[in-house]
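Let's walk through this fold together, one question at a time.

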Amino acid sequence: MNVVVPQRLTTGAASPTPQVASRPPVDPVTLVHTQLLDGPFWHKVPAYAQISEAEFLDHKWQARSSITNPAKLLATVAGLVPDEFFRDVEEGFKHAPMSIRVSPYLLSLIDWNRPYEDPLRIQFIPVASRRLPDHPKLDLDSLHERLDMPVPGLTHRYPDKALFLALDTCPVYCRFCTRSYAVGLDTEEVAKFQLRANAARWQETFAYIASRPELEDIVVSGGDAFQLRADQITQIGESLLALPNIRRFRYATKGPAVMPQKILTDDAWLDALCRIVDKGRALHKEVALHTHFNHPNEITAITKAAMDRLFERGLTVRNQTVLVRGVNDTPEVMGLLLKRLGYVNVHPYYIYMHDLVRGVEDLRTTLEAGLRVERHVRGLTAGFNTPHLVVDAPGGGGKRDAHSYEYYDRETGLSVYTAPAVRPGQSFVYFDPIDQLPERGRARWADPGEHQKMIDEALAEAKVPRRGR
Ligand code: SF4
């Protein structure tokens, strides 16, 4: 190993004047993050070949034309995909724990010449042939959100922050949704825990928040805040701003990544949001928008126009990303995503290790892979635009810095975390996907008699004092 000794630590003869490192300017062509897809890219999809720009930018048209079943998908991309792929999709829909909804915007961004490899297809359209068995330790509500709900739809886990699930619908449905126990319609695989937008339930929520002086911060999520009507954005915003204990809150929506058209053409919704942000500012309370981009292809010239509009109106937009196998689990793709987010004024603040979610084991990757990606992207851009890699500890430990594991066994894929500020004294185990483990690890998981032994071993190892901990 080469050890570099800083000059100020060397002794003896005076060091020569250090050379100033000078980098030549880069060729602008190499700044790929600034090159956003523009023009009528949707015309390559047969069903959208005659759709004008005005129509494509209309959020109502986007919502109305979204794909919700295999027949509609086939009618839209007929001629672009081979029959075998289509049959694979039909079978995939049958076993999906999430209902399916894909916007025309996303469908137009998929490379239909390579549908199996396309990062957007992977996230939103299931195919049966890639399905892997679920991890044996998977739980439908793997983060145990329902166990921390003092009132239906409000998870109070952290001391000063709560998660308010205002509704259970989204503009699109993501295959990897952690909240597949509640979000979207029932599927053949899952009967959902319903969290409809309901004023009476919301009043109960606000009353609970008002009764807890320690609560300062609320995430308004679901489901997705894009699906709230303008008057509902106002009702929730006004109710939270009126509570003296609330210092900040955010509306959480995947909308900018999957249907940016709404920001450009739903003036009533945007005005309602901006009025709450402005009112919050006057009260010295921060109201922000949190979103969820996973791949650089999701950011186009339409996205930039939408994000510019939010920026002009003074909105802070932050992004969380889920690390998804085959989508963004390489330093190149993740690096490009982070740079592109910064370019359109969105601050990336989290990369999540993929939660254990039913029916999507093919989308998860190992903690080791996440750590490798994180190592490579840190330093690419400013620190405030560099996300933390976190593991949302299964069983309700909350988000943990992925590097802060007490123990990580790469063979069995078990990592152990503690969460002293959330659940003092408890340990939480995260599980890598079995198909990505070395052969010996896979063999142990093939034997049910080994499962608890592996967990006990990891928990015991986590208690062994180690240097630097
Ligand atoms: S938008 Fe969010 S809540 Fe809705 S399906 Fe996707 S991940 Fe789940």
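Q: Which residues of the largest nonpolar core touch the most other members?
A: This is a predicted model, and its largest nonpolar core holds 119 residues. Helix H11 (residues 267-282) gives the largest share of this core, seven residues. The residues that touch the most other members are Ile125, Ile236, Phe249 and Tyr251.

Q: Why is strand E2 (residues 161-165) largely enclosed by the rest of the structure?
A: Look at both faces of E2: Lys161, Leu163 and Leu165 are buried on one side, and Ala162 and Phe164 are buried on the other. E2 is largely enclosed because the number of its five residues that are buried is five.

Q: In which order do the nine strands of the open sheet run?
A: The pairing in this sheet is mixed. At the edges are E1 and strand E9 (398-401), each of which pairs on one side only. Reading across the sheet, the order is E1-E2-E3-E4-E5-E6-E7-E8-E9.

Q: Parallel or antiparallel: how does E2 run with strand E1 (residues 154-155), and how with strand E3 (residues 217-221)?
A: E1 and E2 form a hairpin with five residues between them, and Thr155 stands opposite Leu163 in E2. On the E3 side, Leu165 has Ser221 as its bridge partner. The two bridges from E1 to E2 are antiparallel, while the five bridges from E2 to E3 are parallel.

Q: Which residue in strand E4 is the bridge partner of Val220?
A: E3 and E4 run parallel and are joined by four bridges. Helix H8 (residues 230-241) lies across E2, E3, E4 and E5, at about 160° to E4. The bridge partner of Val220 in E4 is Tyr251.

Q: Which lining residues are the closest to the centre of the largest pocket?
A: This pocket has a volume of about 970 Å³. The elements giving two or more residues to its lining are E2, E3, E4, E5, E6 and E7. Of the 41 lining residues, the closest to the centre are Leu163, Arg179, Ser221, Gln320 and Tyr352.

Q: Why is one side of strand E10 (407-409) and of strand E12 (423-431) left without a neighbour in the sheet?
A: These strands belong to an open, antiparallel sheet of three strands in the order E10-E11-E12. Its neighbouring strands are turned by 20° against each other on average, direction ignored. E10 and E12 stand at the edges, so each has a single partner strand.

Q: At about what angle does helix H16 (residues 448-462) run to strand E11?
A: E11 (residues 414-419) pairs with E10 in the antiparallel sense over three bridges, and Tyr408 stands opposite Ser415 in E11. H16 lies across E10, E11 and E12, and its angle to E11 is about 50°.

Technical notes:
Residues are numbered from 1 along each chain as its sequence is written. This is a predicted model: local features need pLDDT of at least 70, side-chain atom pairs count only at pLDDT 80 or more; totals for chains, interfaces and linings use all residues. Side-chain values use heavy atoms; hydrogens and water are left out. A nonpolar core is a set of buried Ala, Val, Leu, Ile, Met, Phe, Trp, Tyr and Cys residues joined through side-chain atoms within 4.5 Å. Buried means under 20% relative accessible area, exposed over 50%, partly exposed in between (1.4 Å probe, protein chains only). Two strands pair if DSSP finds at least two bridges between them. Axes are lines fitted to C-alpha atoms, for helices over the stretch in contact, and angles run from 0 to 180 degrees between N-to-C directions. Contact means heavy atoms within 4.5 Å. On a 1 Å grid over the protein atoms alone, a cavity is a set of points where a 1.4 Å probe fits but cannot get out, and a pocket is an open set with protein on both sides within 12 Å along at least five of seven lines; lining residues have an atom within 4 Å of a point. Grid points are joined across faces, edges and corners, and a volume is the space filled by probe spheres set on the points.
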